[in-house]
Amino acid sequence: MRGAKRRGNPRWCRAGTRRAQGLGGGPDLWRHECGFQITNVPFAGSGPAIPQVLGGQLAGMSSPLGDWVQHHKGGKIRILVTSGPDRAVFTPDVPTYREQGFGELLVREWFGFFAPAGVSEAVKQNLNAALRQAMSQQDVRDFVTPLAANLEASITAEHTRRLAEDSEMARRLVSALGFKADS
């Protein structure tokens with residue numbers, strides 16, 4: 001990452017639009033936290049962008065780790081950094097932003113299950129138990145492994161805390177970058 005910063009303003013792409021994960025893990029956050037100048041090339045998803053990176057038309061891309069693990073392990077690309085708090089189990093040889101001296105660059109991509117406001121505690125507990133049971137099944141684990149996804153069950157309080165932390169990080173970044181609803 002530090003070497004890439006010295007090479008000027010590379011063309012970098014972000015799959016999709018400026019959404020929370022795009023802000024958190026891509027060019028906007030690098031520019032804000034590191035002074036890393038990047039020309040953003042938006043794509044409509046990872047699918048059409050990956051061949052551009054593999055073919056050398058783009059210097060790099062910010063997208064979920066699962067998009068790149070097979071190419072990294074096959075020697076076709078080099079993953080420079082991961083954005084989680086710890087090294088990813090699927091790429092233990094790749095350092096985190098924190099390890100490279102960018103301590104505030106922390107992005108977790110996660111998926112949550114939500115229920116309507118006011119749902120009873122009993123329903124929450126039943127849903128949580130059913131989800132935990134499903135996530136423990138080998139066929140479900142086998143399905144998510146190629147996506148480089150960790151199955152991690154949490155209780156409502158943990159999920160609420162993570163949502164609040166990630167929302168606050170996004171709020172600070174949106175404010176610092178001066179994004180408006182019509183940007």
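Author: A nonpolar core is a set of buried Ala, Val, Leu, Ile, Met, Phe, Trp, Tyr and Cys residues joined through side-chain atoms within 4.5 Å. Keep in mind that this model is predicted.

Reader: Which residues form the largest nonpolar core here?

Author: It has 11 residues. They are Val 41, Phe 43, Ala 49, Ile 50, Val 53, Leu 58, Met 61, Trp 68, Ile 77, Ile 79 and Val 94.

Reader: Which elements give two or more residues to this core?

Author: Those are β2 (39-43) and α4 (46-54). Helix α4 supplies the largest share, 3 residues.

Reader: What does Ile 79 touch, leaving out residues up to four places away in sequence?

Author: Ile 79 touches Leu 65, Trp 68, His 72, Thr 91 and Val 94.

Reader: Where is His 72 found?

Author: In helix α5, residues 69-73.

Reader: Is His 72 buried or exposed?

Author: Buried, because its relative accessible area is 14% and the cut-off for buried is under 20%.

Reader: And what does His 72 touch, with the residues up to four places away not counted?

Author: Ile 77, Arg 78, Ile 79, Thr 91, Asp 93 and Val 94.

Reader: New topic. How many helices and strands are in the chain?

Author: There are 8 helices and 3 strands. From the N terminus, the order is α-β-α-α-β-α-β-α-α-α-α.

Reader: How much of the chain is buried?

Author: Buried residues are 34% of the 183 residues.

Methods: Residues numbered from 1 in each chain as written. Predicted model: local features only at pLDDT ≥ 70, side-chain atom pairs only at ≥ 80, totals over all residues. Heavy atoms only, no water. Helix = DSSP H or I, 4+ residues; strand = E, 2+ residues; numbered from the N terminus. Buried < 20%, exposed > 50% of the residue type's maximum accessible area, 1.4 Å probe, protein only. Contact = heavy atoms within 4.5 Å.
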